[in-house]
Amino acid sequence: MENRVFKYFTTKKKSLVSPDARQKLLAFASLVVIFIIFSIASPNFFKFDNVVGILLATAVNGVLAVGVTFVIITGGIDLSIGTVMTFSAVSAGIFITNMHMPIGVGIIGALVAGGLCGLVNGLLIAKAKIPPFIATLGMMLVTKGLSLVLSGTKPIYFNDTPAFSNIAMGNGLIPNAVIIFLVAAAIGGFILSKTVLGRYTVALGSNEEAARLSGINVIKWKIIVYVLTGIFAGLAGVLMASRLNSAQPALGAGYEMDAISAVVIGGTSLSGGEGSMIGTVIGAFVITTLTNGLRILSVPQEWQTVVTGVIVIGAVYMDIVRRRNANKV
Amino acid sequence: MGEVLVLMEEIEKTFPGVHALNQCKFELRAGEVHALMGENGAGKSTLMKILTGEYRKDSGRIIYKGREVDIENPKAAQELGISIIHQELNLMPHLTIAQNIFIGRESKKGSKFIVDENFINEETKKLFKMMNLDLNPRTKVSKLPVCQQQMVEIARAVSFNSEVLIMDEPTAALTESEIEELFKIINMFKEKGVGIIYISHRMEEIKKISDRVTVMRDGCYVDTVNSKDVTIDHIIHLMVGRTIFESAKIKRDINNKEVVLEVKNLNRGRMVKDVSFNLRKGEILGFAGLMGAGRTEVARAIFGADKLDSGEIYVSGVKVTINSPSDAVEHGIGYLSEDRKQYGVTLGMDVESNIVLSSFKDFLGPLGWIKTSKTSKIAQEMVDRLKVKTPSIKQKVKNLSGGNQQKVVIGKWLTRNSNILIFDEPTRGIDVGAKNEIYKLLNDLVEQGNAIIMISSELTEIIRMSHRVVVMCEGRITGVVSAEDATQKLIMQYATKR
């Protein structure tokens, strides 16, 4: 059983390999260390069910984190991903339950809803030149409200379409949601390292002015990056709605913090220009592993966020130190 | 020299308040190195930015290889075959050499979206082979020293098969041997028929590498000469030769006055090299030199804004340690920066607050609150004394004109009783009328016993105001000229002497 769990880790690493291998190894090593510590601390930790629970808990946040990695690499930020996720879930609910459309349409509707929110973000930031923090903060509030408006402030249930919950929960030992997350991460990684979009994402974050003077249409590509993040938020919305078998319009706010923390713990710099999907995936797992392990050890819930916060600061600080030393050479 | 590659005619460009280019022309032929020269603000950069698509011309014509063209953006210029290597390198530090060179061109033939890493690495290797460079295309650009970064930019231009190459101060960061390598590459370009526009202030280099020189002054075209037919003196004359109205200046003899500030062997990185000078009471010490000469860096180091590598500072004969601006202010030094909007005033606050900004300690009541009766009184006195045009001391500084903002900054330092004042480009962006007021103010200040260091790029201003002129070039002091001996030509010679 342990073998099957670890197999997923190793296959993922192969397809997302990037030059800064050593940093990834370090992050991965710390995750392993955390696993070992908790396994020693409690016999309940390294049980199959629990590990699956960790994987499942990471799925939704992981997809959000994969999406927002792009925005952060450009040196921007997206605070709206949590509420856009909910907005997409509500959209799926409206299509599937209220309008009785096929599940496929609902899913696509959710992705489109997320993408549209991303488009608005992109236009505000790239064209109207509103700072990303402000623009996405505003959108966060807008989509939060819209979710409540569209759903009539009530949850939308998917009871008429039992197949919907299979999306996240179905299929044997490992829930689909985990597989979907890992596939999404693989696609995200591929986009980042092998496509023109990924290259321009890094270019924008590294030196936007140089990119502009090199002939890159900075406005167009920035908008595309935010749309991409929105689509991933849409996917996260589908996963979350499927897990809960309902679209909960009041949820969502706060998820962006976990997602951004995952990205940062994974080694992506908030100032832009560098980052990796593997890092984000590892960062997402670190957060949920910590939360899970602390809960198993009966640490009160309040302390869990304290620990997460400390880890975020510690991870960023270690990264800054590592960078400084690398530059000294 | 071959056919005419670029012909720019009757180029006009105006920015709000500034007529940057006035009927400018420029001609570049294939296979020539054509130097473009002029003082700071002459319009060289603006003209080149129009050629490379960064700016749009207001009117005039650009004729490229016989065809009239309209260069709308940097990409259009690139596609025409015009490349520029900026003084501030335009590289993306997190990307590799190959990724930087081929940014925008990295996709496979088949699919537009996928990056072909092998292709760009191979092509880069080929480029380097041709240029005789030994660099690994997979190295991140941030890890390269500046001269190699510059080579990457040049390689980029080569990869576009550019026929027109503009180099802006290419040798500023290079050592002698690196410059030799650069010149070899430039000659290689010449043989291939590439036309090179070479912007530089380094006279000896210009004489060595260029075929022709075009001089600009105050946004206008002055002349084009053959490099081997003219002397450096003649070029300098073309650059500065304007009639100056110099009022008879009666400069008080300051030789007997005490030395209020003395600095010895100041060093800071590349910008301040072994700088020593003294400043006397009642003196206006001018600091002349070209952009990048290091004058602002010297001022900031004395003021504690930047940390010195080594050197000593003496105020009124006593050695002092200045680690921060507050130390400098304690010793009576005030600094009016080049960019007053960024460093001199807090635009959102009112005149009164700005004037007392450095001196709050003097205006506090017993429990630490600010005595507004006192601050208002002092601020009003200062406004009257300096004749600041403002409806009231409660007016927000951002609503004042540039000249009056400058007076507010002066008022701040006077309120603090700073007696050593460093003015960095005090009349930049200020109209003629207000300029005269500032000049009068400066003279009044030194009459009252203060001492002033005045950094300026306007030679007329420096010659008019200074008792002595210190000239800097690339971090070093290259000459100190007294008021009687100071001429624009002499100062320019020192300013370009390496």
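1. Conventions. Residues are counted from 1 along each chain as its sequence is written, and chains are lettered from A, with ligands numbered from 1, in the order in which they are written. Because the model is predicted, local features need a pLDDT of at least 70 and side-chain atom pairs count only at pLDDT 80 or more, whereas totals for chains, interfaces and linings use all residues.

2. Confidence in chain A. The pLDDT is the predictor's confidence in each residue, on a scale from 0 to 100. Chain A has a mean pLDDT of 86, and 91% of its residues reach 70 or more. Residues 1-19 of chain A have a pLDDT below 50, and this stretch has 15 contacts in the model beyond near neighbours in sequence. Where pLDDT is low, the predicted coordinates should not be read in detail.

3. Overall form of chain A. Chain A contains 13 helices and 2 strands; helices (H or I, at least four residues) and strands (E, at least two) are DSSP runs, numbered from the N terminus. Its radius of gyration is 19 Å, close to the 20 Å that the globule rule gives for 329 residues, so chain A is as compact as a globular protein of that length. This radius is taken over C-alpha atoms, and the rule is 2.2 Å times the number of residues to the power 0.38. Along the principal axes, the C-alpha atoms of chain A fill a box of roughly 60 × 55 × 35 Å.

4. Of the 329 residues in chain A, 51% are buried. A residue is buried if 20 or more other C-beta atoms lie within 10 Å of its own, exposed if 12 or fewer, and partly exposed in between, with C-beta atoms placed from the backbone. Two residues are in contact if their C-beta atoms, placed in that way, lie within 7 Å. Among contacts in chain A between residues at least 6 apart in sequence, 78% join residues at least 24 apart.

5. Two loop residues of chain A. A:T268 lies in the loop between α11 (255-265) and α12 (277-296) of chain A. A:T268 is buried because 27 other C-beta atoms lie within 10 Å. Leaving aside neighbours within four places in sequence, its contacts include A:T69, A:I72, A:I73 and A:G279. A:F46 is in the loop between α2 (21-41) and α3 (48-73) of chain A. With 16 C-beta neighbours inside 10 Å, A:F46 counts as partly exposed. A:F46 touches A:S39 and A:V51, not counting residues up to four places away in sequence.

6. Overall form of chain B. The secondary structure of chain B comprises 17 helices and 20 strands. For its 498 residues, a compact globule would have a radius of gyration near 23 Å, and the 26 Å of chain B agrees with this. The C-alpha trace of chain B spans about 80 × 50 × 45 Å along its principal axes. Buried residues account for 45% of the 498 residues of chain B.

7. A sheet in chain B. An open sheet of 4 strands in chain B has the order β12-β11-β14-β15, with antiparallel pairing; two strands pair if DSSP finds at least two bridges between them. β12 (272-280) and β15 (318-320) of chain B stand at the edges, each with a single partner strand, so one side of each is left without a neighbour in the sheet. Strand β11 (residues 259-268) of chain B is joined to β12(B) by 6 bridges, and B:R268 has B:V272 in β12(B) as its bridge partner.

8. Two backbone details in chain B. B:Q23 has a positive phi of about 50° although it is not a glycine, and B:Q23 is found in strand β2 (residues 18-29) of chain B. B:E169 likewise has a positive phi of about 50° without being a glycine, but B:E169 lies in the loop between β7 (164-168) and α6 (176-191) of chain B.
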